[in-house]
Amino acid sequence: MFLKQYLLPRLIQYVLVILLGITAVFFIPRLLPNDPVLRTIAEMRARGSYLEPGAMDKIISDLQQMYGLEGSWLDQYLAFWGRLFRGDLGVSFFQFPTPVLDLIMTALPWTAGLLLTTTLLSWAIGNLIGGFAGYYTNQGWSRALDALAMVVRPLPYYIFAFALLLIFAYLLRWFPVSGGARLGMRPSWTWPFVQSVLWHAVLPALSIFVLSAAVWFQTMKLVVQNINAESFVAYAKLSGVRENRVVSRYVIRNALLPQITGLGLSLGLIFSGALITEIVYSYPGLGTLLYNAIVNGDYNLIMGITIFSIIAITTSVLIVDLIYPFFDPRIRYM
Amino acid sequence: MKLFRDLLKDYRFAVAFWVLCLLLAFAALSLFSPYDPTRWGQVPRDVRPSAEHWLGTDSNGQDVFWNATFAVRNSLIIAVIAGVVSRIIAVIVGMVAGYRGGLWDRTLMFVSDSLLVIPLFLIIVMMAMLIRASLNLATLGLLLAFFGWAWDARLIRSQILSLRERDFTQTAILSGTGTLKLVLNEYMPYTTPLIFSTLINNMAWAIGLEITLAILGLLDMSIPTLGTMLYWAINYQAILLGRWWWVMTPITLSVMLFIALYWLSVSISEYLDPRTRVQRVGA
C-alpha cells in the first residue's frame, strides 16, 4: 500500500521532472532565434580573441559537434541523452579541452560542504527556535527574534551577502574578502589549511544560514501558534502532561511535518541562493564556476552546471520526501 | 476604504505604505531629471556628495541621485510587468487545476511542482544569456513572469478547492450559472486578496532576480536599474576606493524596497487570514 500510493508516484514524478528539466535545457538554445555556434563565435570575437580563418572552420565544426547540432532534432536529442548517460557533458570552451564534468567535480566539494551544513543547521536551529518562539509567543525574546526575522527575511541573497561582506570584511576586517582558502595554499588535511577553509567559509555560511533560518523560524512559529490553539494541546496540559513533553511531543513534532515538506520544496531556491552567495564571496564552488562561465560566454559549461544541478536538486528533494514517512506515521501505516 | 483604514492600524502596513509612497515619489522625480540617464560623462566623475550633487557622482560621470531615480523606476517597471503577467498565468492555472480537477489538475500541478523543484535561477540565467541582446525592461519582465507563477498557482488552486466545496457553488450550478461566470463572479472576489498579496511577493522576487542578473552582467548595462547601478559600482571597485555614496545608494534603496514590499504583503495576508500567513519561500 505504502509502496503503491506514496513511493511509486513519487519515483515517477522524479524521473519525469529530470526528463522535463533536461529536455528544457536541450531545447532552450534551439528554440531561441540565434544560432548558438555563430553566437559563441561572436562572443569570442567580442572578447577580443583573434581567430585565424582556417581555425574558424575547425571551431565551427567542433562546436556543431559539441552542441550536437548534426542531423534532425530527434537525432540530436537522442545523441544528447546518449552522451549524458555516459556522463559526458562536453568540454569547456574557455578552459579547452577540460571536460565540463571535471570542472564541476572540482567545484562541487566547496558547494556541497557549504550547502549541506548551512541547510541542515538552519533548518534544525530555525525550527527549534521558531518552535519555542511560537509556544512562548508573548515573551520578549520571542518578539525580538520575530522583529529581526521581519527585517532579514525579505532581503534577497545577493543584497544580504553583500551587506555582510561590506560590514565584516571591508569595514571591520574580521574576515577575508573572498576565496575559499588563503591564496597559494595546497588542499590537504592539515590544520592550517582546514583552519583557513573554515575561516573563509564563515561569512558565506553565515549569509545562507541567517536567510534560511529566518524563513524556518517564521513558518515554524506560525504553525506552532496554530497547533497551540488546538484542543488536544489544552487537554494534554490539563491532564498534567509535563510542559517540556507538551512542547516537544505534542506541538513541535506535529509542526515539523509541514516543515519537512517545505524543506523539499525550497531546496531549489536555497541552492540558487547559495550559488549567488558564492559569487559575492568568490567562493570556489559551483556559483563562482557559473559566474566565470557567464563572464567568458562558456555556454557549454553553463549547460553542464544546469543539468548537473537539476539532477542533484531533484535527487535531494526525493531523498527528503523518502525520509518523510519516518516522521509521519499516517503515511507509514497507510 | 474601510479596509485601508483597518490595515493602516498595523504599524508594519503603515510603515511599508509610506516608504513605498516615498520610493514611488522618488521614482517619479526621474521625469524631472536634468540629466539623460543613458549618457555618460555629463558631470565630473567621482565627486563626493555636495549641494550640487546630493549623492555625489559615479565613475561613469553620472549624478548618483538622479540616476537612482531612474533605477528605482525601471526596477519597479520590471517588477510590475513580471508580477502582473505571472499573476495572469497563476490565476488561470490555479483556477483550471482547482475547478476542473482530474487530469487537468494533475498535469498542471506536475508542471508547477517541476518548476518549484528545478533550480530555476540557472534556467533563467541560460535564457537571459541567449537573449541578452534583446533583453530590455519588458522582455526581462516577461522572462521572469514566465517562471514566477508556480508557487502562487498552487496557493490559488488550494483556495479554489476549498471554495468548490462550499454550498454556494452548488446553488450557483443548480441555478444554471456557467463555469466561466461562476469562476469569475463567485470565486474571483474570494481570491483577489490572495492574488494581491502574492503579487507583492512576486514583485520583490523579480527585483531580486533583476539585481542578480545585472550583477552577472546579463542585462543591458546602459539602462539604469538598481541592479545595473550596483554592477557599475562593483565593477569600478567603488568599495575599495571608498566611494560609499555610490555603493550605498542602490543598496539602501533596494533594502527599503524589499522590506516595504514584504511588510505590506505580510500585513495584508495576516489581516485576511490571521491563521495562515501564506508567504513565498524567498528569492
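Guide: One term to start with: a crossing is left-handed if the near helix is turned anticlockwise from the far one by less than a right angle, and right-handed if clockwise. This is a predicted model, where local features need pLDDT of at least 70, side-chain atom pairs count only at pLDDT 80 or more, and totals for chains, interfaces and linings use all residues. Residues are numbered from 1 along each chain as its sequence is written, while chains are lettered from A and ligands numbered from 1 in the order in which they are written.

Visitor: Which hand does the crossing of α12(A) and α5(B) have?

Guide: That crossing is left-handed. Helices here are DSSP runs of H or I with at least four residues, strands are runs of E with at least two, and both are numbered from the N terminus.

Visitor: At what angle do helix α12 of chain A and helix α5 of chain B pack?

Guide: About 160°, with the axes 10 Å apart. The axes are lines fitted to C-alpha atoms, for helices over the stretch in contact, and angles run from 0 to 180 degrees between N-to-C directions.

Visitor: New topic. How many helices and strands does chain B have?

Guide: Chain B has 11 helices and zero strands. Its C-alpha atoms fill a box of roughly 75 × 45 × 30 Å along the principal axes.

Visitor: How much of chain B is buried?

Guide: 48% of its 283 residues. Buried is 20 or more other C-beta atoms within 10 Å of a residue's own, exposed is 12 or fewer, and partly exposed is in between, with C-beta atoms placed from the backbone. In helix α8 of chain B, residues 167-174, the count of buried residues is zero.

Visitor: What average pLDDT does chain B get?

Guide: 86, and 96% of the residues score at least 70. Residues 276-283 of chain B are below 50. pLDDT is the predictor's confidence in each residue, from 0 to 100.

Notes: Two residues are in contact if their C-beta atoms, placed from the backbone, lie within 7 Å.
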